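Subject: Handover of a structure

Dear colleague,

I am passing the structure below to you, together with a summary of what was found in it. Please read the notes with the sequence and the model open beside them.

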Amino acid sequence: AGFSVIPRLILPYNGMKQSNSDGGDEMVWGFSDMELQLPFSPKREGKWKYGFGPQFGFKTRQNESFAGGGNGIGLVGVTSGDITKQISFMGFISNLWSYDGNFNTTTIQPYLIYNSARVPGMYAGYMQAITVNWKIDNGASIPLGLSIGKSWALSKEYGFDFNVGYYYYSAKPSGSLDHLVKFGIGVVFP
């Protein structure tokens, strides 16, 4: 009986082309807005786990082009489990509202992973966020693509993960990215 908290910190580091004063393009890099998700999960036996709780947004952007929700609050839900011995699923669904009322976005983030039987810790799958910005017309962003990665156990309780992926946006708001190259780094704490 009881509950566990599953803390999840999201701090995106982005790069995008922007027009410079000479009329050309330049790559600009920086952090976007940070989110802290704190779903509570009931301690239970079983193949599937789930949780639900608050999320908080913090204005940490280094460039207005990387703006997210800024300072805000929302809700998050998570579920995870093994579909087969080698196929796993984890999914997050959340909504963040900014305190100033200018941001209202739903994020659906499915992780559908095929785990390699030949190379322990190696995997491939879909791991990107589908978003809907409710403040604009045609605000859905739907990426299609694939990521590959490798996880390492550093001890019985700690782990490290690295992944890379390419995604094409089949639907997107006007002026948004056409494609995305993604690099992910994760640290697992007990």
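**Strand pairing**

Strands β7 and β8 run antiparallel and are joined by 10 bridges. Please note that this is a predicted model. Within this pair, Q55 has G74 in β8 as its bridge partner. Strand β7, which spans residues 48–58, also holds G57. On another side of the pairing scheme, β5 (residues 34–37) pairs with β7 in the antiparallel sense over 4 bridges, and there E35 stands opposite G57.

Apart from neighbours within four places in sequence, G57 is in contact with M34, G70, N71, G72 and L96. G139, by comparison, is 82 residues from G57 in sequence, and the two C-alpha atoms are 20 Å apart in space.

**Hairpins and turns**

Strands β3 (residues 13–19) and β4 (residues 25–31) pair in the antiparallel sense over 7 bridges. S19 has D25 in β4 as its bridge partner. These strands form a hairpin with 5 residues between them, in which G23 takes a positive phi near 90°.

A second hairpin is formed by β12 and β13, with 6 residues between the strands. These two strands run antiparallel and are joined by 2 bridges; V132 stands opposite A140 in β13. Strand β12 is also joined to β10, again antiparallel, by 4 bridges, with T107 opposite T131 in β12.

Most residues other than glycine have a negative phi. N138, however, has a positive phi of about 50° although it is not a glycine. N138 lies in the loop between β12 (130–133) and β13 (140–153). Because its relative accessible area is 67%, N138 is classed as exposed.

**The nonpolar core**

Which residues make up the largest nonpolar core? There are 9 in all: V76, V78, F92, Y111, I113, Y123, Y126, M127 and Y167. The elements that contribute two or more residues to this core are β8 (72–82), β10 (104–115) and β11 (122–127). Strand β11 supplies the largest share, with 3 residues.

Leaving aside neighbours within four places in sequence, the contacts of Y111 include F92, Y126 and M127, which belong to the core. Y111 is also in contact with R8, S88, F89 and M90.

**Salt bridges**

How many salt bridges does the structure hold? There are 3.

- D33 and R61 form a salt bridge, with the closest N and O atoms 2.7 Å apart. This pair links distant parts of the chain, 28 residues apart: D33 is in the loop between β4 and β5, and R61 is in the loop between β7 and β8. Both D33 and R61 are buried.
- E64 and R61 form a salt bridge, with the closest N and O atoms 3.1 Å apart. R61 counts as buried because its relative accessibility is 17%, whereas E64 is exposed, with a relative accessible area of 54%.
- K172 and D178 form a salt bridge, with the closest N and O atoms 3.2 Å apart. K172 is partly exposed at 31%, and D178 is partly exposed at 43%.

Through shared partners, salt bridges join D33, R61 and E64 into one network.

With kind regards

Methods:
Residues numbered from 1 in each chain as written. Predicted model: local features only at pLDDT ≥ 70, side-chain atom pairs only at ≥ 80, totals over all residues. Heavy atoms only, no water. Buried < 20%, exposed > 50% of the residue type's maximum accessible area, 1.4 Å probe, protein only. Core = buried A, V, L, I, M, F, W, Y, C linked by side-chain atoms within 4.5 Å. Contact = heavy atoms within 4.5 Å. Pairing = 2+ DSSP bridges. Salt bridge = Lys/Arg side-chain N within 4 Å of Asp/Glu carboxyl O.
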